Amino acid sequence: MKAVDKLIQRQKLTKEEFIEILKQQDDPDIRELLKEEAIRLRKHYYGTKVFTRGLIEFTNHCKNDCYYCGIRRSNKNAKRFRLSQEDILACCENGYELGFRTFVLQGGEDVWYTDAKLVEIIRRIKTLYPECAVTLSVGEKSYESYKAYKEAGADRYLLRHETADEQHYEVLHPAEMSLANRKQCLYDLKKLGYQVGAGFMVGSPGQSVETLAEDLLFLQELQPQMVGIGPFIPHHDTCFAEKSAGSVGETLFLLSVIRILLPTVLLPATTALGTMDPQGREKGLLAGANVVMPNLSPLKTRKQYDLYDNKICTGDESAQCKNCLAQRMESVGYHVVVDRGDSLNK
Ligand code: SAH
């Protein structure tokens, strides 16, 4: 049986079969077939609903040095900031009024926010907004740290694996970081009962159909509740400043493949996709995505959370971001809902 048919019939695929599918992405018939199946599944499980997450970028200090990232520790030009607990709670208050029922706390790996500080922030948010979900995206931590955050009330955790290929991982990260540890973190988070999000950039330097096949194999094995993918976009102050960005078309193709691979997955149409194409997020929805993550960060620090060049929405108030996205979703027949937007397979 052809690999594409196996995917659609929800049979387990091998690396070679994923490679076969990835090599067919320029075939318009295959593209259309996968897109239609992705939309069918998305509508079957989620109708035309779009879940929103209020993204709070709370620190751009980072102890890591990922070669692609604008807030890597070696970037001496990055203007560093930290939000106070009160700033973060003000974002939540604003976000709650705007209809967000999930807050995503994302940041660099900033040791200033000790476990005790993070636990207190999570507790305060969960006490003030018990019906809201808290998602963390603060990198690699110990099992004990993840456990403490979970006990404080955190519901979900986003930790893109970035690439599931050992050699490719080394192209993207310094030797002090390892794919093994990244994966272990994801397994720890799952074990602790988090709804877990993995993912990767599309078109990162050194990526190939072989490494992408490893990514899809890993997703098939991990069975995460969420998957974040978006095009790689170079940042002028990184080692990859001169590299070319990932393609929108390939990202859309992969969104469809991932929707079919994990039919109930929570799949965002990311800001990076919107940065590469003014209609990127709408196209993401039309390829199988069902989540958007408008920015709730205070305007004063928005521009400083500078992961890649030309990031969109850095000058808009949160309300503008939310309304703009809601209209964009409506324009393609989807509807933003006021809902925690939990995974169907918790
Ligand atoms: N420190 C946290 C959050 C990282 S930022 C963590 O380690 O998970 C969130 C994501 O942005 C990263 O996982 C990465 O996939 C993406 N990202 C970073 N630099 C990027 C770039 N230049 N282009 C596109 N995406 C990028």
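**Close-up views: ligand site and helix pairs**

View 1. A backbone N or O atom of Y68 lies 3.0 Å from a nitrogen atom of the ligand. This is a polar contact, a pair of N or O atoms within 3.5 Å; within protein, one must be able to donate a hydrogen and the other to accept it, and residues adjacent in sequence count only if both atoms are side-chain atoms. The model is predicted: local features need pLDDT of at least 70, side-chain atom pairs count only at pLDDT 80 or more, and totals for chains, interfaces and linings use all residues. Residues are numbered from 1 along each chain as its sequence is written, and side-chain values use heavy atoms, with hydrogens and water left out. G107 places a polar backbone atom 3.0 Å from a ligand nitrogen. For I233, the distance from a polar backbone atom to a ligand nitrogen is 2.7 Å. The ligand is surrounded by 18 residues, each with a heavy atom within 4 Å of it. The closest are Y68, G107, R160, E162 and I233.

**View 2. Helices α5 and α6.** Helix α5 spans residues 115-128 and helix α6 residues 143-152. Helices are DSSP runs (H or I, at least four residues), numbered from the N terminus. The two axes come within 8 Å and cross at roughly 20 degrees. Axes are lines fitted to C-alpha atoms over the stretch in contact, and angles run from 0 to 180 degrees between N-to-C directions. α5 is therefore roughly parallel to α6 (angles under 35 degrees). The crossing is right-handed: the near helix is turned clockwise from the far one by less than a right angle. D115, L118, V119, I122, R123 and K126 of α5 meet S145, A148, Y149 and A152 of α6; contact means heavy atoms within 4.5 Å. By class, six residues are nonpolar, one is polar and three are charged. Ala, Val, Leu, Ile, Met, Phe, Trp, Tyr, Cys and Pro count as nonpolar, Asp, Glu, Lys and Arg as charged, and the others, Gly among them, as polar.

**View 3. Helices α8 and α9.** The axes of α8 (residues 179-191) and α9 (residues 209-222) come within 12 Å, crossing at roughly 25 degrees. That makes α8 roughly parallel to α9. Their crossing is right-handed. K183, L186, Y187 and K190 of α8 contact F218, E221 and L222 of α9. Four of these residues are nonpolar, none polar and three charged.

**View 4. Helices α9 and α10.** α9 packs against α10 (residues 248-261) at about 25 degrees, with the axes 11 Å apart. α9 is thus roughly parallel to α10. The crossing of α9 and α10 is right-handed. From α9, the contact uses L212, L216, L219 and Q220; from α10, E250, L254, V257, I258 and L261. Seven are nonpolar, one is polar and one is charged.

Note on methods:
Helices (H or I, at least four residues) and strands (E, at least two) are DSSP runs, numbered from the N terminus. Angles under 35 degrees count as roughly parallel, over 145 as roughly antiparallel, 65 to 115 as roughly perpendicular and the rest as oblique.
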